[in-house]
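Me: Can you walk me through this one? I'd like to start with the aromatic rings.

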Amino acid sequence: MQAGLLQEVTALLSTIDRGECVFLGGDFNCTLEARDRSGTQCAPAVAKKLRGLIESFELVDAWRNLHPDSTAFSRRSEGGGSRIDRIYISRVFVCCVSAASMRLVPCSDHCLVRVVFNPGRARLGPRTGTLTT
C-alpha cells in the first residue's frame with residue numbers, strides 16, 4: 001500500500017464514528033513484524049504510516065490475534081515470502097472474530113485471507129461501541 005493511499009484511508013476512517021465496527025483489509029505490500037517476512041523488505045516510511053493508522057483507529061490484525069505465535073506467508077516468491085495480505089478490525093469487535101485463515105488461490109501468488117465474524121459474540125457496553133449491520 002502506497003503512502004498516498006494510506007493518507008486517503010486515514011481521511012476516510014476519520015469520517016466514521018469511533019464506535020463503529022471497521023474492517024480494513026487488503027494487500028498492504030508491507031509487513032510490520034520481522035516474523036511476517038523472509039527475504040523481503042518494507043519501506044520504513046510506509047510501515048510507519050501504516051502502524052500510525054492502526055494505532056490511531058485502534059485496529060487489530062485479525063489473523064495475528066488468533067495465531068499469535070504462528071509464522072505464515074500470504075504471498076510467496078522465489079526470494080522468500082511475506083504476510084502482506086491482512087484484515088484489520090476495530091479492537092472492541094475483535095471478540096467477534098472466531099476464525100481466521102489463509103488459503104492458496106490458483107493462478108495467484110497471494111493467498112485468500114478469510115475471517116469469520118460472529119456479531120452475536122459482541123460484548124458491548126453502552127460506551128464501548130455499536131454494531132451496525
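Reply: First, the term. Rings of Phe, Tyr and Trp (its six-membered ring) pair if their centres lie within 6.5 Å; planes under 30 degrees apart count as stacked, over 60 as edge-to-face and the rest as tilted. This is a predicted model, where local features need pLDDT of at least 70, side-chain atom pairs need 80 or more, and totals for chains, interfaces and linings use all residues. Residues are numbered from 1 along each chain as its sequence is written, and side-chain values use heavy atoms, leaving out hydrogens and water.

Me: How many aromatic pairs does the structure hold?
Reply: There are 2 aromatic pairs. Phe-23 and Phe-117 make an edge-to-face pair, with 5.0 Å centre to centre and 80° between the planes.

Me: Where do Phe-23 and Phe-117 sit in the chain?
Reply: Phe-23 is in strand S1 (residues 23–27) and Phe-117 in strand S8 (residues 111–117). Helices (H or I, at least four residues) and strands (E, at least two) are DSSP runs, numbered from the N terminus.

Me: Why does Phe-23 count as partly exposed?
Reply: Because its relative accessibility is 43%. Buried means under 20% relative accessible area, exposed over 50%, partly exposed in between (1.4 Å probe, protein chains only). Phe-117 is partly exposed too, at 24%.

Me: And why is the pair of Phe-28 and Tyr-88 edge-to-face?
Reply: Because the planes are at 80°; the ring centres are 5.4 Å apart.

Me: New topic. Is Asp-36 buried or exposed?
Reply: Asp-36 is buried, at 3% relative accessibility. It lies in the loop between S1 and S2.

Me: Which side chain does the side chain of Asp-36 make a polar contact with?
Reply: That of Arg-64, at 2.5 Å. A polar contact is a pair of N or O atoms within 3.5 Å; within protein, one must be able to donate a hydrogen and the other to accept it, and residues adjacent in sequence count only if both atoms are side-chain atoms.

Me: What about Thr-71, buried or exposed?
Reply: Thr-71 is exposed, with a relative accessible area of 53%. It is found in the loop between helix H3 (62–66) and strand S4 (75–77).

Me: And the overall secondary structure?
Reply: It comes to 3 helices and 8 strands. Buried residues make up 35% of the 133 residues.
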